[in-house]
Amino acid sequence: MERVRQRVGDKRVLALVKAFLKAGILAEDRVLRETNAGAPQGSILSPLMCNVALSVLDEYIAQSSGGSGASQTARAKRRRHGLPNYRLIRYADDWCLVVSGTQAHAEDLREETPEVLATMGLRLSQEKTLITHIDEGLVFLDWHIQRRRKRGTSKQYVYTYPAKRALAAVTAKVKTACRMSVNRPPAALLHQLSQMLRGWTTYFRPGASSGAFNYLRARGLAPGIHLAAPRTPQGEMEGTLPPTATDDGGHTTAR
């Protein structure tokens with residue numbers, strides 16, 4: 001609340017945030033339980049409080065010598081002296097700390113991070129936190145990020161493409177929709193699949209996702225296209241679905 005007050009002066013907004021924090025949780029057994037800390041996951045307040053709490057990490061990395069606040073000249077000087085540079089990428093409570101340096105530098109940052117989070121009463125999940133090299137790759141926000149050699153060349157680039165779990169999730173979702181739509185008109189099913197696949201493919205379109213899209217097409221899915229089934233002159237619905245990086249390296253601490 002103290003950090004919210006630094007940015008928000010309207011007492012009505014502050015009272016609303018505080019009321020959300022004190023509201024309690026109605027469990028499945030229909031018993032209301034008090035909340036002494038935090039906000040329920042999935043509530044509309046959760047992402048706000050998450051960003052407020054983890055802003056301490058943003059500030060710490062930005063103000064560090066090798067952080068995003070350093071100038072290009074300062075960063076180049078640190079590289080010449082064998083010192084690490086790093087940048088933080090964060091979405092709510094998922095974050096990835098990209099380190100241009102050695103594994104030892106990444107491990108030092110992992111030791112510093114819990115101390116920064118402790119100032120907000122937070123702790124780092126050791127089970128979900130790992131250090132990996134960009135050549136080994138990592139999964140972040142359902143993207144698989146990995147440096148690979150470009151086919152037919154000796155150059156290496158960092159590629160981003162849908163992770164296996166993201167492919168498995170959308171495939172299962174489509175199968176479930178088809179299984180539960182046996183008695184539905186084809187138009188209704190196609191409209192539902194269109195919305196489902198359009199959102200998924202729009203999210204993954206910016207990366208190197210053609211291989212993943214071809215994988216889905218081979219299973220009867222047509223990602224990236226609005227699946228509007230044309231009406232025939234006889235008024236029947238046609239049910240056929242039409243077919244349709246930076247060059248850098250280093251270690252990464254990801255949560």
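Tutor: The structure holds six salt bridges. A salt bridge here is a side-chain nitrogen of Lys or Arg within 4 Å of a carboxyl oxygen of Asp or Glu. This is a predicted model: local features need pLDDT of at least 70, side-chain atom pairs count only at pLDDT 80 or more, and totals for chains, interfaces and linings use all residues. Residues are numbered from 1 along each chain as its sequence is written, and side-chain values use heavy atoms, with hydrogens and water left out.

Go to Asp58 and Arg90. They form a salt bridge, with the closest N and O atoms 2.7 Å apart. Asp58 sits in helix 3 and Arg90 in strand 3, so this pair ties together parts that are 32 residues apart in sequence. Helices (H or I, at least four residues) and strands (E, at least two) are DSSP runs, numbered from the N terminus. How covered are the two partners? Asp58 has 28% relative accessibility, so it counts as partly exposed. Arg90 is partly exposed too, at 22%. The cut-offs: buried is under 20% relative accessible area, exposed is over 50%, and partly exposed is in between (1.4 Å probe, protein chains only).

Stay with Arg90 a moment. Which residues does Ser55 touch, beyond its neighbours within four places in sequence? Ser55 is in contact with Arg3 and Arg90. Contact means heavy atoms within 4.5 Å. Ser55 and Arg90 are 35 residues apart in sequence, yet 9.8 Å apart in space, C-alpha to C-alpha. Ser55 lies in helix 3. Its relative accessibility is 16%, so Ser55 counts as buried.

Now look at helix 3 itself, residues 46–63. Its 18 residues, at 1.5 Å a residue, should span 26 Å, and the end C-alpha atoms are 26 Å apart, which agrees. The expected span is 1.5 Å times one less than the number of residues. But helix 3 has a kink of about 35°, centred on Leu54. That bend is the angle between axes fitted to the seven residues ending at a residue and the seven starting there. Leu54 is among the buried residues of helix 3, which also include Met49, Val52, Val56, Leu57 and Ile61. What covers them? The cover of the buried residues includes helix 1, helix 2, strand 3, strand 4 and helix 5. Thr113 gives one example of a contact with this helix. Thr113 sits in helix 5. Not counting residues up to four places away in sequence, Thr113 touches Leu57, Trp95 and Leu124. Thr113 is buried, with a relative accessible area of 5%.

Arg5 pairs with Glu2, the closest N and O atoms being 3.4 Å apart. Both lie in helix 1, three residues apart, about one turn of the helix. Arg5 is partly exposed, at 40% relative accessible area. Glu2 is exposed, at 54%.

Then turn to Arg147 and Asp135. Their closest N and O atoms are 2.7 Å apart, and the two form a salt bridge. This pair links distant parts of the chain: Arg147 is in strand 7 (residues 143–149), and Asp135 is in the loop between strand 5 (130–133) and strand 6 (138–140), twelve residues apart. Is Arg147 buried or exposed? Arg147 is buried, with a relative accessible area of 16%. Asp135 has 32%, so Asp135 counts as partly exposed.

One more stop, back by strand 3. Ala92 sits in the loop between strand 3 and strand 4. Ala92 has a positive phi of about 55°, although it is not a glycine. Most residues other than glycine have a negative phi. Ala92 is partly exposed, at 22% relative accessible area. Arg30 has a positive phi as well, about 65°, and is not a glycine either. Arg30 lies in the loop between strand 1 (25–26) and strand 2 (32–33). With 68% relative accessibility, Arg30 counts as exposed.

Finally, step back. The secondary structure of the protein comes to eight helices and nine strands. Of its 255 residues, 33% count as buried.
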